[in-house]
Amino acid sequence: MTDSLSTRLQQVRGRLQAACAAAGRPAEAVTLLAVSKTFPATDVQEAHACGQRAFGENYVQELQQKSEALAGLAIEWHFIGPLQSNKTRIVAERAHWAHSIDRLKIAERLSAQRPDELPPLNVCVQVNVSGEDSKSGCAPEEALALARAVAALPRLRLRGLMCIPEPTEDAARLAAQFVELRRLKEQLAAEGLALDTLSMGMSADLELAVAEGATVVRVGSAIFGQRSYPL
């Protein structure tokens with residue numbers, strides 16, 4: 001498994017480097033977030049041995065289990081999935097980042113539950129740029145008010161915006177959704193919010209996302225292989 005995972009990780013790094021070069025951006029401008037949901041802690045350990053440090057989890061239970069199992073490793077844990085209010089404590093205590101803040105109640109609980117001995121939790125507001133009913137995220141027109149409220153919370157550090165675009169093979173349609181998130185970030189910055197993060201782009205579309213200003217790309221299957229979900 002080590003050779004194949006190592007090879008895939010190197011291929012993704014190559015794609016990311018090429019995308020940055022094509023966009024006229026330095027390679028260090030974009031962080032590769034390895035999305036390890038449904039894969040075992042041993043796979044995370046192997047990727048870590050290949051130099052990967054940032055890992056994303058979609059499920060609170062997996063975040064808890066893997067962060068406990070790999071507590072001895074220098075890993076930056078990112079929670080990127082929908083977050084229910086009754087599960088915020090684990091994220092507040094174990095994650096370094098939470099990308100999926102879509103309502104103030106979740107942010108308030110994370111702030112209240114973040115241990116004092118830890119630095120503030122880095123967070124992103126998730127925006128539903130596709131308008132799909134099935135997608136989490138606040139509406140674009142609600143992002144400014146939510147971002148301002150989140151930025152005022154004492155144990156959080158608002159870093160930027162995140163989106164999960166509509167899955168489509170139409171590159172122009174996909175790019176338009178990335179452009180909308182970038183422009184929204186620019187609008188919020190003009191309103192005085194110091195944002196430095198655009199969390200957008202996944203295995204199939206990271207090049208488009210980088211071209212439109214992504215600073216974090218969330219890549220899972222291209223690194224770990226295809227997922228098999230329990231029936």
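Predicted model: local features only at pLDDT ≥ 70, side-chain atom pairs only at ≥ 80, totals over all residues.

Trainee: Which residues have the most contacts inside the largest nonpolar core?

Mentor: In soluble globular proteins, nonpolar side chains tend to be buried together. A nonpolar core is a set of buried Ala, Val, Leu, Ile, Met, Phe, Trp, Tyr and Cys residues joined through side-chain atoms within 4.5 Å; buried means under 20% relative accessible area with a 1.4 Å probe, protein chains only. Here, the largest one has 61 residues, and Val91, Leu110, Val125, Val127, Val150 and Val217 have the most contacts inside it. Helix 1 (residues 2-22) gives the largest share, 6 residues. Apart from this core lies another of 5 residues, including Leu33 and Ile80.

Trainee: Which residues of helix 6 are buried?

Mentor: Helices (H or I, at least four residues) and strands (E, at least two) are DSSP runs, numbered from the N terminus. In helix 6 (residues 143-151), the buried ones are Ala143, Leu146, Ala147 and Val150. They sit on the same side of helix 6 because they cover an arc of only 100° around the axis, taken from the directions from the helix axis to the C-beta atoms.

Trainee: And what do the buried residues of helix 6 pack against?

Mentor: Contact means heavy atoms within 4.5 Å. Their partners are strand 4 (97-101), helix 5 (104-113), strand 5 (121-126), strand 6 (156-162) and helix 7.

Conventions. Residues numbered from 1 in each chain as written. Heavy atoms only, no water. Buried < 20%, exposed > 50% of the residue type's maximum accessible area, 1.4 Å probe, protein only.
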